[in-house]
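Welcome, and please take a moment to look over the sequence and the structure shown here. The paragraphs after it will guide you from one part to the next.

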Amino acid sequence: MSRFRHMIRQTLTVARRDFIATVFTPTFLIFLLAPIIMMSFGMIGGLGAASVAGNSIDKERIIAVVPADEGRALLAADARLRPVFRRGDAPPRLFIEPPAADPAAQARALFDRKDIEASAVLRGPLASPTILYGNREESRADYLARLAEESLRDARVPTTLSVATKQPVHRVVATASGHGQAAFFTVFGIFFLTLLLAGQAVGTMAEERSNKVIEVLAAAVPLESVFLGKLIGMFGVAILFVGFWATIVTNVGALLPAGMARGLADIGPAVGMPAFPLLFFAYFTMSYMLQGAVFLSVGAQASTPREIQLLSLPITIFQVAMFGWAQAAAANPDSWIARGAEIFPFSSPLAMGARAANKPELWPHLLAIGWQLLWVAITIWIGAWLFRRGVLQSGGPKLFRGRSGKVPEAAANIPH
Amino acid sequence: MACLGAPRPATTSPHWKGIALSQEWAVTAKGLVKRFGDRNVVDGVDIAVPRGAVYGVLGPNGAGKTTTLRMLLGIIEPDGGERTLLGAGHPRDVSDRVGYLPEERGLYPAMKAVEAIAFLGALRGLDWGTGRKRARAMLEEAGLGHAADQKIRKLSKGMAQLVQLLGSVVHQPELLVLDEPFSGLDPVNQEKLEGLIRAERDRGATILFSTHVMAHAERLCDRLTIIAGGKARFEGTVADARALLPLRAHYVPRSPHDGIQALLPPDAERENGGWRFTMPDEGIETTLVKLIDAGYGISGLSIERPGLHDAFVKIVGREALETAA
């Protein structure tokens with residue numbers, strides 16, 4: 001068996017052990033279903049916030065202190081204009097109040113009532129109304145002014161002047177802004193998955209160190225194989241996680257309203273399909289492997305759980321820094337920032353993912369994946385070397401000195 | 001021990017005389033050096049282990065035995081010197097043909113015993129299916145059949161140690177390296193382990209093990225080296241080691257001892273109702289004639305060959321032992 005095949009076999013043995021040891025445990029279920037817990041908290045928080053906001057929205061209103069006939073005209077104009085607004089953007093409900101003896105005082109007093117939240121109040125003749133409005137509520141005042149004008153226009157020209165025919169158009173080619181959005185989602189997706197999953201690699205060597213298994217592994221398998229095997233094992237766990245949730249999300253996506261699906265169709269990657277999902281997967285793999293190799297190497301140096309915990313912060317900062325850089329690259333695909341992010345090994349998968357969304361050429365991706373693979377190997381090699389020197393307290397071989405399989409002359413000749 | 005360059009108190013003739021090929025040596029090392037900081041933990045150790053032999057590396061605690069074994073196996077790299085393992089220049093190239101039980105035992109606690117053995121075999125190139133099959137058979141043979149599907153964390157320390165030992169031989173290695181294999185085992189399991197080492201030797205494997213318990217070495221080793229202070233102090237057979245010390249006599253007179261010391265060799269000391277002394281170079285007969293003529297008679301007389309323990313103490317030196325302690 002060649003040395004390479006031998007190494008691959010040993011690597012896969014370690015990977016298999018790590019995969020099984022992680023997946024076939026009750027803890028893995030908690031890990032797998034963690035997003036549900038996260039979403040549950042989000043939903044509970046959202047419901048609470050929605051309830052608070054709902055109470056506030058129920059009370060909020062715009063008010064016109066006008067005679068009944070003007071009030072009817074205002075309500076008619078409001079009924080016509082309100083559908084223009086999307087849900088959530090619409091102004092508060094319009095209420096009509098008959099004017100009292102002092103409409104100015106009446107209008108001012110509406111802002112002090114506890115049972116309602118008046119955001120804007122109109123009084124006076126519709127041709128020259130006075131509109132009071134609260135802090136940051138000027139748009140509500142503008143809406144009341146618009147209603148007054150529409151009411152007067154209706155009074156003069158009671159018929160409909162124009163009837164439009166609306167026809168939806170579906171873009172076949174994604175827009176430039178669609179590429180930009182795809183780039184953003186790509187960078188965010190790879191970053192988010194890597195952030196969720198690659199950080200686990202930091203503590204994987206701790207098990208071997210605490211159980212003293214590392215001595216057995218180090219005697220049987222090159223440390224590079226141990227590191228790579230652990231990384232592959234954890235990546236297998238990550239793939240299982242991503243596969244599980246991707247299946248669920250895909251099925252939920254099929255239930256989305258057609259309008260939303262059409263909206264998403266505008267967000268299109270420049271390389272097209274099916275190259276884009278393949279590249280997304282390739283760059284997620286590279287991102288996981290590269291950052292996982294760094295975390296594994298750094299974590300392998302830690303001798304206590306406390307040290308591992310302390311390492312978590314700089315690791316997260318490092319990930320966020322790579323994300324920020326890649327986002328800047330996604331926003332400015334032709335800039336030197338983008339070139340730098342594409343070349344720097346640890347931001348390269350994110351930035352190249354963004355490039356796949358922004359630019360149609362495929363050949364740079366082959367180069368980039370090769371480059372990133374090289375850096376996975378370099379990172380693992382350095383990590384194993386540091387572990388050998390720092391933890392096993394081994395001396396040579398030097399970092400840049402190859403090892404020879406030749407029998408040393410002096411040792412071979414001992415018996416002669 | 002012609003190959004050892006460092007000064008040492010006792011040597012024997014080279015045991016490799018007549019063996020021409022390096023391939024006939026399971027392990028060779030020349031001038032191995034390992035420094036931790038500014039301290040030479042191993043300082044120019046030479047070792048040559050013939051194939052098929054049971055070879056002991058003896059020494060007090062902290063002598064450098066474990067570091068030597070780790071260098072031989074390629075777990076750590078030496079700072080100086082050279083070594084071969086099963087004829088290969090780098091131990092990693094023959095790792096599938098080597099079994100190893102480290103001093104600090106280590107298994108994954110969540111693994112079942114049978115899986116742990118198969119995993120250790122898989123690391124050394126044995127396929128999982130064969131590994132599992134052999135693991136069950138070995139566990140049955142070792143009287144641990146009931147524990148085959150139990151997780152390691154459920155096993156006693158001794159049982160887990162035995163499982164790891166079985167894991168180190170499941171792939172039927174040509175060379176088995178055991179670092180302090182008897183530590184932590186009760187006498188019954190020590191007996192089992194001795195049986196397993198003999199069985200491995202009978203299968204044709206070479207066994208290299210370290211210990212500081214002389215009794216095991218005395219019973220098992222074909223050859224041994226004694227390391228102290230990072231240096232090899234002795235290399236040879238158990239008989240060679242014991243031959244380094246003169247025979248001793250224990251004499252019990254028939255009548256009272258008054259004035260008897262003048263007739264005995266100068267190193268004679270009272271012990272167990274008699275006198276113990278080194279056998280004179282010319283033999284004991286002259287001394288006995290004097291004692292009989294003086295009327296002391298002979299109630300008891302025994303000639304004692306020193307044990308490996310005595311030889312070890314003499315070779316290592318009391319000072320080294322005290323330093324290690």
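This is a predicted model: local features need pLDDT of at least 70, side-chain atom pairs count only at pLDDT 80 or more; totals for chains, interfaces and linings use all residues.

Residues are numbered from 1 along each chain as its sequence is written, while chains are lettered from A and ligands numbered from 1 in the order in which they are written.

Let us begin with chain A. Its domain assignment gives domain 1 (59-156) and domain 2 (176-390); such bounds come from an automatic or database domain assignment. The C-alpha centres of these two domains of chain A lie 54 Å apart.

Next, look for the sheet of chain A. Here 4 strands form an open sheet in the order E2-E1-E3-E4, with mixed pairing. E2 and strand E4 (130-133) of chain A stand at the edges, each with a single partner strand, so one side of each is left without a neighbour in the sheet. Neighbouring strands of this sheet are turned by 20° against each other on average, direction ignored. Helices (H or I, at least four residues) and strands (E, at least two) are DSSP runs, numbered from the N terminus, and two strands pair if DSSP finds at least two bridges between them.

Now follow strand E1 (residues 60-65) of chain A. With strand E3 (residues 117-123) of chain A, E1(A) pairs in the parallel sense over 6 bridges, and Ile62(A) has Ala120(A) in E3(A) as its bridge partner. With strand E2 (residues 93-97) of chain A, E1(A) pairs in the parallel sense over 5 bridges. Arg61(A) has Arg93(A) in E2(A) as its bridge partner, and Ile63(A) stands opposite Phe95(A) in E2(A). Helix H4 (residues 68-81) of chain A packs on the sheet, touching E1 and E2 of chain A, and the direction of H4(A) makes about 175° with that of E2(A).

Further along chain A, helix H13 (residues 305-331) and helix H14 (residues 336-343) pack at an angle of about 135°, with their axes 8 Å apart. Axes are lines fitted to C-alpha atoms, for helices over the stretch in contact, and angles run from 0 to 180 degrees between N-to-C directions. H13(A) and H14(A) are therefore oblique to each other; angles under 35 degrees count as roughly parallel, over 145 as roughly antiparallel, 65 to 115 as roughly perpendicular and the rest as oblique. On the H13(A) side, the contact is made by Trp325(A), Ala326(A), Ala328(A) and Ala329(A), and on the H14(A) side by Ile337(A), Ala338(A), Ala341(A) and Glu342(A). Two residues are in contact if their C-beta atoms, placed from the backbone, lie within 7 Å.

Chain B is our last stop. Its domain assignment gives domain 1 (22-243) and domain 2 (248-305), and 46 Å separate the centres of these two domains of chain B, taken over C-alpha atoms. Helix H2 (residues 113-123) of chain B packs with helix H3 (residues 128-141) of chain B at an angle of about 130°, with their axes 8 Å apart. That makes H2(B) oblique to H3(B). Among the residues that meet are Ile117(B) and Ala118(B) in H2(B), and Trp128(B) and Leu139(B) in H3(B).
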